[in-house]
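Student: Hi! Could we go through this model together, one topic at a time?
Tutor: Happy to, let's have a look.

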Amino acid sequence: MLIPCPHCGERDYREFRYAGDASKARPPLGSTDIAAWHDYVFLFDNPKGGHREYWQHVLGCRRWLVLERDTATNVVGRSWWPSEGSPG
Amino acid sequence: MSRARRLGQGGYVDRSRPIRFTLDGRSYAGFAGDTLASALLACGVRIIGRSFKYHRPRGFLCAGAEEPNGLFTLGSGARTTPNTPGTMTELTEGLIAACQNGWPSVRFDLMSVLSLAAPIIGAGFYYKTFMGPRRRSWMFYEPFIRRAAGLGRAVHQRDPDRYETRHHHADVLVIGAGPAGISAARAAARTGARVLLCEQDFLVGGSLLGEGAGALEALRTEELAGLATLEVMTRTTAAGLYDSNTVVLVERRDHARPDPARGDAREILKIVQARAIVFATGAIERPLVFAGNDLPGVMLAGAVRCYLHRYAVLLGERIVVATTDDAAWQAATELAAAGAHVTLLDERAEVGGELLRRAAASAATVVLGAQVRAARGRRGVRGVRFVSPQYPSGHELPCDLLCMSGGWSPVLHLTSHTGIKPAYRADLDAFVPGGYAAGHFGAGALTGAASAAAALETGSAAGLRAAQHAGYGREASVPAAAPGVAVAPAAPARPRDAHWGKAFVDFQNDVTTRDVATAYTEGYESVEHLKRYTTLGMGTEQGKTSNVNALRQMAQLRGIDVPAAGTTTFRPPYTPVSIGALAGRNLGQHFRPVRRSPLHDWHLANGATMIEAGPWLRAWYYAWAGADAETAYVEEMRLVRSGVGLSDVSSLGKIDVQGPDAGEFLNRLYVNEFARLPVGKARYGVMLNDDATVLDDGTTARFGETRYFMTTTTAQAAEVMSRLEFLLQTAWTDLRVQVASVTDQWAGMAIAGPRARAALALALPGIDVSDAALPFMGCQEVDFAGVPLRILRLSFSGELAFELYVPSDCGTALWQHLLASAQGLGIRPYGLEALASLRIEKGHVAGLELDHRNTLDDLGLGKMARTSKPFVGRELRGRPELQAPERWSLVGLECQEPAARLRGGAILFAPADPIQGHGRGYITSVTWSTQLNRFIALGLYQGGLAHAGEEVLCAYPLRGELVRAKIVSPVFIDPAGERLRA
Ligand SMILES: [Zn+2]
C-alpha cells in the first residue's frame with residue numbers, strides 16, 4: 001500500500017504508523033462536556049468501506065495526516081493535513 | 001526403463017555442456033538447459049516416486065510447476081530441500097537428488113502392499129478410524145502412518161544459506177513470460193512505462209518453448225533487452241497477490257551457486273508495488289480420469305510435446321494420444337513426425353476437417369468417438385483399453401506412452417487471492433477469472449485464448465491498457481477487445497466407472513473417483529467438505545491438475561452443473577515458498593533492531609552482563625558486585641545507599657521542546673503545574689491519556705526562556721513523542737512550539753548516593769555543585785572542557801543524586817572521568833536491576849505500574865493534579881468508575897515469612913478468601929530490600945492503602961507458593977525525603 005504524504009509524496013505504508021479514526025472532532029481544550037469527550041475517546045464506527053483515519057509518517061517527515069482508505073479493499077484515496085480540513 | 005530417447009538435434013538444451021547429477025546415489029548426465037525431470041526422462045528413468053497413500057509407482061505427469069508426482073529431496077546435509085518438483089529444477093552440475101516416499105526404494109517399495117489394503121484407507125479413513133470412540137487406536141497407529149504417508153522430510157539443522165527481501169516499484173507488472181506476457185510487456189514498455197516481467201521458468205517463452213518449429217524465435221524475445229524500461233526476471237514465481245496491487249515474487253538463485261560467505265542470496269523475496277498488473281499466467285492441462293491413469297508413462301499431452309520440442313526427448317515409440325479437444329492433435333502429429341507410432345483417440349465423434357486433414361498428412365492413426373477405459377501395466381503403461389463405436393465392448397492397444405488431454409484450466413490462482421471468484425465458461429469447459437479489479441488485466445490462455453496468435457493479440461492489448469492505467473501511452477488506441485477466440489467445443493471429460501481399478505482424480509494425495517463418490521454418499525457434497533474429507537487439492541500441488549475433475553465428478557453425482565458445484569478458494573502461495581525466503585534477513589539478532597547506549601562498549605569491556613529492555617540492551621549488573629544477578633544487584637544497592645554509584649540512563653527518552661508557547665504546552669500535557677517553572681529548575685510530571693489512564697511520567701527541565709528538556713521512560717519514549725506531535729499538529733495548532741527527539745543525541749548517567757556531591761565536586765572542578773547552587777530539582781547547563789554538560793539534581797533512588805547529560809560521543813569520556821576522579825570515594829557502576837530495586841524501595845512507579853490501565857489516583861499520585869487548569873485527561877478522570885473506592889490501587893508489601901520470597905505477578909488474596917480466581921490484586925515489582933532486610937514489593941490491591949497494616953496472601957500457583965505479606969506504604973525508605981535533599 002502506498003500512502004500519499006502531503007509533504008513527502010507517495011511512500012510505502014511501512015513508513016507510517018496507523019493512528020485510528022479521524023472522523024471525530026476533538027473537544028476544545030478545557031471543555032467540560034463529558035459526553036463530548038466520551039464520544040470522542042470511546043465511540044467509533046467500524047465501517048466496511050470508506051474511512052477517514054489518522055496516519056503519522058513516523059519514518060519520514062513525522063507529520064500527522066488524514067487519509068481516506070477503503071477498509072475492505074485497502075484502496076487509498078486523498079490525504080491532507082489535519083489542520084487544514086478535508087479538501088472537499 | 002522406458003523407450004525414451006534424446007533426439008540428435010533441436011530443443012533448448014546445449015549438447016556441448018553435459019551436466020552430471022545423482023539420483024538416490026546413482027550417477028546420470030543431462031545437458032545444460034535440462035530440468036531434473038527432462039534429464040531423468042532422457043536417461044530412461046520412468047519411476048520417480050511412490051504415491052502418498054498407496055505407494056503406487058509414479059512417473060512424471062507434467063513438465064511444469066503443477067507436477068504432482070515428481071517431487072524430490074534435493075541437496076544434502078543442512079541444505080536438504082524436500083518436495084521440489086523435478087519439472088522446475090534446473091539441472092546444475094553435481095545436483096544431488098533423492099526420491100521420496102519409497103522404502104527401501106521407489107522401484108521396490110515394500111509399502112505398496114498398502115494398495116491391497118486400499119478399501120480401508122479411502123476417504124475419511126483418518127476420521128473414521130482414529131476419532132471418536134476408537135480414538136485410542138491413533139496412539140498405536142500414528143508412528144506407522146506418519147512413516148508410511150507423507151512427502152519429503154525437512155532437516156532440523158540450521159539453514160546455512162542467506163535469503164533476502166527486496167522492494168520493487170513498477171508501473172506495470174506482467175506475470176508470466178509466455179507469448180501473452182511477452183507481448184504485454186513489450187507493448188507496455190514501448191509507452192515508456194517501467195515494466196517488470198516475471199517468469200517462474202528459467203527461460204522465457206512459456207508454451208512456445210513446447211511448440212517447436214521456431215515458435216519462440218518468431219517472438220523475437222532478444223528485442224526485449226533493448227527496451228530500457230523493461231526488466232525481465234526469470235526463475236521468479238508470483239506467489240501471491242495482495243491488496244493495493246502488491247505482489248510477492250520469489251526468485252530462486254540455485255543455478256548461480258550462491259555463496260552465503262560472499263553475501264549471495266539463495267532466494268529473494270520481492271515485494272512489488274505495481275500501478276497495474278497484467279496476468280498472463282497461462283493454463284494447465286487436465287488429466288483424463290480412467291483406471292490406471294497414474295501409471296508411469298501416462299502423461300499430459302502438452303507435457304509430452306514440451307519434452308519433445310524443448311528438451312528434444314521423445315518419450316515413447318508406440319504412443320497413444322487420448323483427448324477430448326483439439327489441442328492434443330498437434331501433439332499426435334508432431335510425435336508421429338518425430339518417428340513414433342501414434343494412435344489418436346478422440347472422445348468426440350466429429351471434429352473439424354482441418355484437424356483430420358493435418359492428421360491424415362501425418363502418420364498418426366485417428367479413432368473418433370473413442371473413450372479410454374483403462375491403462376494397463378504394473379510398473380509402467382503397456383497398453384490402453386478403450387471403447388468406440390467400432391469396439392463397443394472394448395479394445396486394447398499396446399503402447400509405451402499414453403498422452404492424455406482433458407481440456408485446460410486457466411491459472412487463475414493469483415486473481416483469486418484477493419477474493420474474486422472464478423467464473424465457469426461452458427465454451428471452454430473451464431473456469432476463468434470472474435472479473436478483474438481496477439488496474440488488473442488478463443491476457444492469453446488465462447482468458448481462454450487458445451492459440452499463440454490470440455495470446456499475442458490479447459497480450460499487447462492488455463499491456464497497453466495496463467500502461468494507460470499507470471498514466472502512459474494515453475494517445476495510443478487500444479485494439480478492440482479480442483473477439484471470443486473460437487475453439488472447438490470440448491467433450492466433457494466425464495470420469496468413467498472404474499471397474500478395472502483405481503482412477504485417480506488427485507495424484508498427489510491419492511484421491512480416486514471412489515473417494516469422491518464416498519464423500520458424496522456420506523454427505524460431504526460441498527467442495528470445501530470434499531476437500532477436507534478426502535484431502536483432495538492439498539499438498540504442494542493444491543489442486544492444480546485435480547480441482548476441475550473433482551468438481552465435475554461431484555457435480556455429476558449431485559445432478560447439477562459444474563458451476564453450481566462451486567470451486568474452492570485459492571490462497572497464497574501459488575507454489576510452496578521456503579521459510580527462508582519469508583524470513584529473509586530477519587534472523588537472530590537481525591530479527592529486530594537493537595538499540596545500544598553510547599556506553600555499550602564500556603559496559604562490555606568492564607564486566608557488565610547485559611539484558612534486553614524493550615529494544616535496548618542495558619547493563620544488568622556488573623561483575624565487581626557478584627557473579628550472578630541475585631547477589632550482584634543487592635551489593636550494588638548497598639553501594640548506592642552507603643557510598644556512591646554511577647548508572648547509565650541513556651535509554652531514557654529525551655525530547656527537546658522549544659518555542660514561545662513551550663511552557664503553556666507543557667502545562668496542558670502534564671497534570672501538574674508547569675507554566676511557572678523557572679529557568680534553572682526541573683519538575684517531575686505525569687501525563688495522562690485522553691481516557692485518564694496514566695501515559696507516562698518523567699522530568700522536564702527548563703534551561704532557557706523558551707527551551708525545555710523533557711525526559712520520558714525508556715518504554716514510552718516513542719509513544720510520548722508521537723503524542724506531542726499529534727497534539728501540536730492536530731489540536732493545538734495555535735501553539736508556537738517545536739519538538740524533536742534527542743534520545744540518541746545525549747548520553748545520560750545518574751550519579752547517586754550520600755557521596756554523590758563529593759564525587760561530582762572531584763570530577764567537575766570549577767563547577768559549583770553545592771546545595772545552594774544546585775538545590776533539589778535544580779538544573780544547570782554548563783560548559784565542561786568545551787562540551788555542553790547538563791546537570792539535573794533529581795533522584796530516582798531516593799538518595800542524593802544527579803543526572804548528567806552530555807553529547808553522545810562524549811558519553812564514555814565523561815563516564816570514565818567520573819569513575820576515575822571519584823575513585824577514592826569508592827565509586828562503582830551499578831546496573832538496571834539495582835536501579836529498578838532502589839526505586840521500589842523509594843516507591844517510585846515505573847513501567848510495570850504504568851500499564852495504561854491505572855489512573856493517577858490508582859498510583860497514589862492524585863494530589864499532583866492541578867484541576868484548576870485544563871490538561872489532557874482531566875475531564876474523563878472524573879468518571880465515577882474511576883473514582884470507585886474499591887479500585888485496585890498502589891500499595892507496598894512486606895514479606896512476613898523470612899524464608900520465603902515475593903514474586904512479580906503473584907495474585908493477592910485476603911486471608912479469608914478462597915485461593916482461586918483473580919484475587920484482589922497482584923504484585924507488580926519485587927526486590928530484596930537492603931534497608932529492611934526482607935523482600936518488599938509494589939502491587940495493586942483492591943481498596944489500596946485503606947487496608948494498610950492488614951495481612952494478605954501472595955499466591956504463585958506456577959510454583960505452588962502461598963506467602964504472607966503485610967500491606968504498607970509504598971514508600972519504604974525516607975518518607976520525608978531528607979536523603980535526597982541532603
Ligand atoms: Zn512525510
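**The zinc site and the interface**

Tutor: Along the chain, the donors of the zinc ion are spaced as C-x2-C-x48-H-x3-C. Donors here are N, O and S atoms within 2.8 Å of the metal (3.2 Å for Na, K and Ca), and water is not among the atoms, so sites may look incomplete.

Student: Which protein atoms are the donors of the zinc ion?

Tutor: They are SG of Cys5(A), SG of Cys8(A), ND1 of His57(A) and SG of Cys61(A), lying 2.0 to 2.3 Å from the zinc ion. Cys5(A) is in strand 1 (residues 2–5) of chain A and His57(A) is in the loop between strand 4 and strand 5 (64–70) of chain A, so this pair ties together parts 52 residues apart in sequence. Helices (H or I, at least four residues) and strands (E, at least two) are DSSP runs, numbered from the N terminus.

Student: And what is the geometry of the zinc site?

Tutor: The site is tetrahedral, with angles of 104 to 116° among the four donor atoms. For four donors that label requires all angles to lie between 85 and 135 degrees. Ideal angles for four tetrahedral donors are 109.5 degrees.

Student: Before we move on, what should I know about the model itself?

Tutor: The model is predicted, so local features need pLDDT of at least 70 and side-chain atom pairs count only at pLDDT 80 or more, while totals for chains, interfaces and linings use all residues. Residues are numbered from 1 along each chain as its sequence is written, chains are lettered from A and ligands numbered from 1 in the order in which they are written, and side-chain values use heavy atoms, leaving out hydrogens and water.

Student: New topic: how much area is buried between chain A and chain B?

Tutor: About 2,300 Å², with carbon and sulfur atoms giving 56% of that. Buried area is the accessible area (1.4 Å probe) that two parts lose on being put together, summed over both. Arg26(A), Leu29(A) and Trp64(A) supply 26% of what chain A buries against chain B, more than any other three residues.

Student: Which elements of chain A supply residues to the side that touches chain B?

Tutor: Strand 2 (9–12), helix 1 (34–42) and strand 4 (50–56) each supply at least two. Helix 1 of chain A gives the largest share, six residues.

Notes:
Tetrahedral: all angles 85-135°; square planar, octahedral: opposite > 155°, others 65-115°.
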